[in-house]
Amino acid sequence: MRPLHLTESIKNEAYQVGFDLVGISPIGVFPESQFYKEWLLKGHAGEMKYMERNPTKRADVRQIVPDAKSVISCGTNYNTPYPYSTDEDDKMRGWIARYAWGDDYHDLMRARLDKLAGYIREQSPHDVDLRHYVDTGPVLERAYGKYAGIGWIGKNACLINQNIGSWVFIGEIITNLELEYDTPAPDRCGTCTRCIDACPTGALLEPYQLDSRRCISYLTIELKGIIPLELREGIDNNIFGCDICQDVCPWNKKAQITQDDSFAPRTGLYNPELSYLSRLSPDDFRGLFKDSPVKRTKRKGFIRNVLIAMGNSGEKKFLPCVEECLSDREPLIRAHAVWALWRIKGSGAEEVLLDLMVKEPDEGVRNEIEAILNIVGS
């Protein structure tokens, strides 16, 4: 099969297996590779040490497939017909990022890429070498998506497609096949800075420059320990990820809606009640988030986030929940329960905090109590 016919055949099959976008780019060392290295040197990856591994592979995928010639970038739309976080203001409820309402996209995307890879092997006139990844491989997937024409990298660092917006999961197949290549997508952000202006923690330092250490998605998912005091207020009621920079993007205002039910919210995951979530036992957590991206935080990280949302609400109705968390077996949960108690009760929490300081066995939690007592006393 000639390259043009094979290319068309691969694209048609990509749509048949369920992808909404597909484009093909040549192998290259793109300017984004140097930007990525500089981003790492600035420390913007925070504690995501996995992003520092295999930098040469990320810069040149021929380190993965030595005779690679093409990267097939595939996108799946996950935009569901529900309001955005910027349209919801009930502080008794938390916000889970749109991508995590349904099933784990890694599993769905991987299954589709498996089918497409199998088809490519069947149709190829000679032996095919290929690898495919969904977020898990050392590949600059947004850069390859850009050069494959499926979208441009926006000022919020998300890949944006002019029809689907930024609600796109990306997967790629690296192959030694020489195919017909698409035209890189032009940058259509123009002079707009709505994403930068809207970020409550100032994570978007300037256009295209994201400091993960300040990003709500990083803080509520990737960061495994205590969240810095100075950033907690900006997290507001976001308990897993954040959609704000995408919610305000003009390209998402009329974005297409997916027909895939896999991404529809599971019962109770759209704008869920915080009081219910704070009382999840380990078994409850595992059951509710089985095969869900949310399981990445583990129970202790998730309830940590819930307590920050409760503290930010200032609602006294949450006090019984917060007080229960003060005796949780996880020090991480107790530490953030202390903060939530102070945020809700103010200086009225001082006596309780002093008592907790005496009884608390964990040094990290004691440090948290001491930091808050210093604020109360200042």
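**Aromatic pairs**

I searched the whole structure and found 20 aromatic pairs, a pair being two rings of Phe, Tyr or Trp (its six-membered ring) with centres within 6.5 Å. Planes under 30 degrees apart count as stacked, over 60 as edge-to-face and the rest as tilted.

I took Trp95 and Trp101 to begin with: their ring centres are 5.7 Å apart and their planes stand at 75°, so I logged the pair as edge-to-face. Both Trp95 and Trp101 are buried (under 20% relative accessible area; exposed is over 50%, partly exposed in between, with a 1.4 Å probe and protein chains only).

Next I looked up Tyr99 and Phe169, which are also edge-to-face because their planes meet at 85°, with centres 6.5 Å apart. This pair links distant parts of the chain, 70 residues apart: Tyr99 is in the loop between β3 (95-96) and α4 (105-123), and Phe169 is in strand β7 (residues 168-175). Helices (H or I, at least four residues) and strands (E, at least two) are DSSP runs, numbered from the N terminus. Tyr99 is buried at 17% relative accessible area, and Phe169 is buried at 5%.

I note that the model is predicted: local features need pLDDT of at least 70, side-chain atom pairs count only at pLDDT 80 or more, and totals for chains, interfaces and linings use all residues. Residues are numbered from 1 along each chain as its sequence is written, and side-chain values use heavy atoms, with hydrogens and water left out.

Tyr99 and Phe169 belong to one aromatic cluster, whose other members are Tyr78, Tyr84, Tyr105, Trp167, Phe240 and Phe263. Over the face of Trp167 I found Arg98, 5.2 Å from the ring centre (the criterion is NZ of Lys or CZ of Arg within 6 Å of the centre and within 35 degrees of the ring normal).

**Second largest pocket**

Which residues line the second largest pocket? I listed Pro282, Phe285, Arg286, Lys295, Lys298, Arg299, Lys300, Arg329 and Glu330. By class they are two nonpolar, no polar and seven charged. α11 (282-288) and α12 (298-313) each supply at least two of the lining residues.

**Helix α12**

I then followed α12, which has 16 residues and spans 23 Å from first C-alpha to last, close to the 22 Å expected at 1.5 Å a residue (1.5 Å times one less than the number of residues). Since 14 of its 16 residues are buried, α12 is largely enclosed by the rest of the structure. Gly314 follows α12, with a positive phi near 70°.

Note on methods:
On a 1 Å grid over the protein atoms alone, a cavity is a set of points where a 1.4 Å probe fits but cannot get out, and a pocket is an open set with protein on both sides within 12 Å along at least five of seven lines; lining residues have an atom within 4 Å of a point. Ala, Val, Leu, Ile, Met, Phe, Trp, Tyr, Cys and Pro count as nonpolar, Asp, Glu, Lys and Arg as charged, and the others, Gly among them, as polar.
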